[in-house]
Amino acid sequence: MKNVTDSFVYLVGHYLFAGSFAFNTDILATNPINLSIVLGVLIFFGKGVLNDLLDNRKQRILSTIQNSEELRKKTIEQLERARDRLRKVEIEADEYRINGYSEIEREKTNLINATYDSLERLENYKNETLHFEQQRAINKVRQRVFQEALQGALGTLNSCLNSDLHFRTISANIGILGAMEEIID
């Protein structure tokens, strides 16, 4: 930068001290002079604007970096909270799973016990029903045998009894009853 300014000062000083002022129509000779003048003016006046633009750009980049860092920190915090929640949910899921398995085992045991109790009650009911039916059948057979024996005895008695025997049996029974009555009194 210093070289450009020095060249500009040198060229301007050279033409001023040359003593004459005229338009130079040689394009090759005038172009570097014009360029150096334009560049000199741009550097002199544009230096502040360029510095301001670069400072603004630098500030925007720094604020963007700071915002990115803050967002990164917030995101990391959110990630950690999400990981903590995930751990808690996994622990709860394991507890539910363990409790679920133990609850299933408990229900299975209860169901087996209830089924065993039901089967035992049904077996007892079946045995009671069989015993009742056996007793009923035995009683029917007894009644039948008793009726048959009674009818046989009555038939035998009727065939063997005549009125004289009948009269003596009744008298003997009345005598027995009378003796019993005296014993009771």
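Student: Why is R136 called partly exposed?

Tutor: Its relative accessible area is 40%. Buried means under 20%, exposed means over 50%, and partly exposed is what lies in between, with a 1.4 Å probe and protein chains only as cover. The 40% of R136 falls between these limits, so R136 counts as partly exposed.

Student: What should I keep in mind about the model itself?

Tutor: It is a predicted model, in which local features need pLDDT of at least 70 and side-chain atom pairs count only at pLDDT 80 or more, while totals for chains, interfaces and linings use all residues. Residues are numbered from 1 along each chain as its sequence is written, and side-chain values use heavy atoms, leaving out hydrogens and water.

Student: How do you know that R136 and E133 form a salt bridge?

Tutor: The term asks for a side-chain nitrogen of Lys or Arg within 4 Å of a carboxyl oxygen of Asp or Glu. Here the closest N and O atoms are 3.5 Å apart, so the pair qualifies. E133 and R136 are 3 residues apart in helix 2, which means about one helical turn separates them. E133 is partly exposed too, at 37%.

Student: What makes E105 and K108 a salt bridge?

Tutor: Their N to O distance is 3.9 Å, which is within the limit, so this contact counts as well. Both residues lie in helix 2, 3 residues apart, or about one turn of the helix. E105 has 43% relative accessibility and counts as partly exposed; K108, at 45%, is also partly exposed.

Student: And which residue does E103 pair with?

Tutor: Its partner is R106, with the closest N and O atoms 2.4 Å apart. E103 is partly exposed at 33%, and R106 at 44%. By the salt-bridge rule, the count comes to 9.

Student: What makes I37, V41, F44 and F45 a patch?

Tutor: Patches are built from residues with over 30% relative accessible area and no salt bridge; nonpolar side chains (Val, Leu, Ile, Met, Phe, Trp, Tyr) are joined within 5 Å, and like charges within 9 Å. I37 has 34%, so it passes the accessibility limit. Together the four residues make a nonpolar surface patch of about 440 Å², and I37 is found in helix 2 (residues 27–160).

Student: How many helices and strands are there?

Tutor: The protein has 3 helices and 0 strands, in the order α-α-α along the sequence. These elements are DSSP runs numbered from the N terminus: helices are H or I with at least four residues, strands E with at least two.

Student: How much of the protein is buried?

Tutor: Of its 185 residues, 2% count as buried.

Student: Which element has the lowest mean pLDDT?

Tutor: Helix 1 (residues 2–17) does, at 54, while helix 2 has the highest, at 86. On this scale of the predictor's confidence in each residue, from 0 to 100, the protein averages 81, and 83% of its residues reach 70 or more.

Methods:
Areas by Shrake-Rupley, 256 points an atom, 1.4 Å probe, with all protein chains shown as cover.
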